[in-house]
Amino acid sequence: MVSAFSPGAPIRREAEVICWNRDDGQACKALVALGDDSVTAWEHRPGEQPNMTVDEFHECDAALRRDPRVIEALAARGITDLERVLIDTWAYGAHLLPEPYDDRRLGWADVWFRREAGSSPYANPVTGLHFIVDLNRMELLEVEDSHRVDEPRTMGEYVPHLVPGQRLRDDLKPLEIKQPEGVSFTLDGNLVTWQRWSLRVGFNHREGMVLHTVGYDDGGRTRPVAHRLSFAEMVVPYRDPTPDHYRRTAFDIGEWGLGFMTTSLELGCDCLGEIAYLDAVLHDTRGEPYTIRNAICIHEEDNAVLWKHVDPHVGAEVRRQRRLVLSFHVTVANYEYLVYWRLYQDGNIECEVRATGIMVTTHFPAGRQPPYGTLVDERTYAPFHQHFLVARLDLDVDGERNTVYATESEALPVGPGNPHGLALVQRDTPLRTERQGRQDYDWQSQRAWKVVNENVANGLGTPVGYKLVPGGAIPPMLPAGSPVLGRAAAIAHTLWVTPFDAGERWPCGEFVVQSRQDADAGLPGWTARDRSIEDTDVVLWYVFGIHHITRPEEWPVMSVDTVSFWLKPVGFFDRNPALDVAPAHPQCHQEESG
Ligand SMILES: [Cu+2]
């Protein structure tokens, strides 16, 4: 497979095809051998709903706009200019499907209104109006007109000319990033090499950017760190049970796909400096290819100081820190997610996600505001919600045979040998089976997880490892038996560990549109077998995200909310591997004394 690939070697080109018959709604999964134009596998998947498609979203929009009942419902609210209406179609969870239609492929739609041409539709929710649509027949099933609210006078605009009385700041001087001798990385096809790092960059419709065969050159030998790094699922439950929001639980990867939602990047705006871009090629519902230009951005950044010491006799020795950033941006309706994987000179890998865009809001009548959100404008609140991401980390620390340890600090009680209560020890507990591999964040013990290769020792005689340093871990806060937790039990733990299985890719199941529960299809089912995860090819599933208690400062557009986690070498090297980074300027470096 990928790790065995050498340039020029023949490869078998296969495409996995998910399709469904819009007449009877039946889904199928097929394998197509592209080299000899043959279908090598064909499997019926009764009862499953494939992912939502971009084509279907647009088709639904067009169908609704034509429908006299939609035109009438909008007119009843004084909206007659359909050009200014935005309709967002969302997927359902099975537990919320309206009964007469619960065997169909359904969407439910929100309605938004642009106050003037070019203004922000998300500034003005059409509160209490939703459409339920059969997505196979493109048939409007129900107009839900649950309640109306007198329009508040809000300011939801962010484009400068639409913000009343706004004068843009003019006191920033130019800041230019130049690399007069070019960049320090090389890009050969999808192979990236930079400093000691090498990796291959991939892309697919569901996960977006994927990093393969990430390795670090150590004395002329590439030592594997990760076989494959990606995001496998996102779950965004809105925590507001009122009519406008109770259905709003998005699975942005399983329902929509980070790849499908990827947007083109612009030099100087999205990425600054000397940039290498990669395009992505995806397909529409007819299987026709299309290109997302500049889908992935690769560039170097200065990141202040890497290491420093000031010696009282001989002065300062300082190194600047450089990092390589691989990133892509995703727009899912009102929200954007910006994903950054960063490689550092000292062997660290950082994965950062930034959420930005526009929060969902609702208008409410004069009086007390609803309790499940924050007031952000006149009689307008932004509901609380959570963004859970599941990173799939197929690590190969110096090879495939790895064991994961929970590593925790413990303060020993006062006693003989510890009279001042200072003694702190580190406990490493091997996770031998999948049940033990279900782990939760623990602030008290500063719990982290070490992926260790017991078969390879460093120069100090201890086994080599990489540590998953948790960041952005959030609890689900969903009661047992909650239907959302039933569909996404993966979010119930911070970490899951499984033995590698090529078929285990999607933590909440392959088909999450209208899913009822993931007990069989995803992480809960896989790990219920309690397989051994000791000294084997392990996959870590790290759950992190944003517990979004909305703020007025996030309206009318939200500055980035940033979360990250790190993979850091622990005894992978014998000493600081960035000792040999050269000083950026002569003055960062002590004169050699003669
Ligand atoms: Cu949010």
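## A tour from strand to strand

Begin by selecting Ala91, which stands opposite Gly107 in strand E5. Helices (H or I, at least four residues) and strands (E, at least two residues) are DSSP runs numbered from the N terminus, and two strands count as paired if DSSP finds at least two bridges between them. The model is predicted, with local features requiring a pLDDT of at least 70 and side-chain atom pairs counted only at pLDDT 80 or more, although totals for chains, interfaces and linings use all residues. Residues are numbered from 1 along each chain as its sequence is written, and side-chain values use heavy atoms, with hydrogens and water left out.

**The three-stranded sheet**

Move on to the open sheet with the order E1-E2-E3, in which three strands pair in the antiparallel sense. Its edge strands are E1 (14-20) and E3 (38-45), and each of them pairs on one side only. From one strand to the next, the twist averages 20°. If you select E2 (residues 27-33), you can trace the seven bridges of its antiparallel pairing with E1, and you can also see Ala15 standing opposite Val32 in E2.

**The cysteines**

How many disulfides does the structure hold? A disulfide is a pair of cysteine sulfur atoms within 2.5 Å, and the structure holds zero of them. Cys28 is in no disulfide, and its nearest cysteine sulfur, that of Cys19, is 5.2 Å away. Then select Cys271, whose closest cysteine sulfur, in Cys297, is 3.2 Å away and therefore too far for a bond. Cys271 has a relative accessible area of 3% and is buried; buried means under 20% relative accessible area, exposed over 50% and partly exposed in between, with a 1.4 Å probe and protein chains only.

Seven bridges join E14 to the antiparallel strand E15 (residues 289-311), and Leu282 stands opposite Tyr290 in E15. The two strands, E14 and E15, form a hairpin with five residues between them, and in the turn Gly287 has a positive phi of about 85°.

**Aromatic rings**

Finally, show the side chains of Phe, Tyr and Trp, whose rings (the six-membered one in Trp) pair if their centres lie within 6.5 Å, with planes under 30 degrees apart counting as stacked, over 60 as edge-to-face and the rest as tilted. There are 19 aromatic pairs in the structure. One of them is the tilted pair of Phe231 and Trp341, with 6.1 Å centre to centre and 40° between the planes. This pair links distant parts of the chain, since Phe231 lies in strand E12 (residues 221-237) and Trp341 in strand E17 (residues 335-344), 110 residues apart. Both Phe231 and Trp341 are buried.

Why is the pair of Phe544 and Phe565 edge-to-face? Their ring centres are 5.1 Å apart and their planes stand at 75°, so the pair falls into that class. Phe544 is in strand E28 (residues 538-548) and Phe565 in strand E29 (residues 558-569), so the pair ties together parts that are 21 residues apart in sequence. As a last stop, select Trp197, Tyr216, Tyr466, Phe572 and Phe573, which ring pairs link into a cluster.

Definitions and conventions
Axes fitted to C-alpha atoms, helices over the stretch in contact; angles between N-to-C directions.
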